[in-house]
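Good morning, everyone. Please take a moment to look at the chain before I start describing it.

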Amino acid sequence: MNGLIRLLFFGNYFYGFCAVALSIEANLQQHIPLNSFTYYLFVFAATVLYYTHAYIAEPASIPEHKNKRAAWYARNRTMIAWSQLLLTILCLSTGSYLLKENWNNLLALKSWQWLLILTFPVVAALYYGSLSPGASKKSLRNNGWIKPFVIGFVWAGAVTVYPVVFSDLEHQRIDRPNLFMILLTLKNLMYISLLCILFDIKDYATDYNKQLQTFVVRYGLRFTLFSIIIPLSLAGLGVFLVFTTLRGFPLETILINMIPFLLLITVAYSMHRRKSILYYLAIIDGLMLVKAICGIAGMIFIK
């Protein structure tokens, strides 16, 4: 069981499931038809590939007591290589099928739709700044204070905007960006960015030695938790209440969707003590899946 848990979280498969679940949540909350199964396979494969690419470049000589995740990759290089190959084949095959099925619709896209499609992959590429992670000195990940918001921006686009754009392609309809989509994207951006700031607590020692000015390195743990994470969580909750009010969501839906924000504040309060790497992966990243489940469950009451 421990081996399967490490495979799920260290191998980044959990991120793939989160991306699919959040995409489904966004479709339901925006009353957009669900995407095809092929699309969700593509999202899963692309997400795992992207995250794993950064870790396969880690040196194999890192001792486990310093970085358990890097040591796990060193021990399982062959398995990860096969996984990346199979995921690449899956990504290319599903991507090619989506292009083939929607080619004419793609050519008919408006300029603003192409802008939505291209913006997020470009920012994701600039996050590493190079095909070899860590090789570029100008990558966005080297800017400690902007890094979590870049990740949040890419995730928000991938799981909020893309499902709408590709659902429109597959169902031959046009849903122009509206206030609700903007607020939902902003909510997801803030939520995931806060999770990233919490996750930086794990890397405090490494980031401090590298002089990477993350929030926790620059301002300290207590200030980060009580003056950044918790206030911004409350602000994100406020944004959520605004757009649920605009859409006239039932009280049951609002209460269920408040759960992830309340859990985020609870987890942030518990972070004054250092945790294990699996805690950060299972609990903090797990809040993404909790958010998706609550969002999907909340839509049941609307029906």
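Predicted model: local features only at pLDDT ≥ 70, side-chain atom pairs only at ≥ 80, totals over all residues.

What percentage of the 303 residues in the chain do buried residues make up? They make up 49%, where buried means under 20% relative accessible area, exposed over 50%, and partly exposed in between, with a 1.4 Å probe and protein chains only. Residues are numbered from 1 along each chain as its sequence is written, and side-chain values use heavy atoms, with hydrogens and water left out.

The chain has 14 helices and 0 strands, counting DSSP runs numbered from the N terminus, with helices (H or I) of at least four residues and strands (E) of at least two.

Let me turn to the aromatic rings. The structure holds 18 aromatic pairs, meaning rings of Phe, Tyr and Trp (its six-membered ring) with centres within 6.5 Å, where planes under 30 degrees apart count as stacked, over 60 as edge-to-face and the rest as tilted. For Phe120 and Tyr162, the ring centres are 6.0 Å apart and the planes stand at 85°, so this pair is edge-to-face. It links distant parts of the chain, since Phe120 sits in helix H6 (residues 111-128) and Tyr162 in helix H7 (residues 147-171), 42 residues apart.

By contrast, Trp82, which lies in helix H5 (residues 77-107), counts as exposed because its relative accessibility is 54%.
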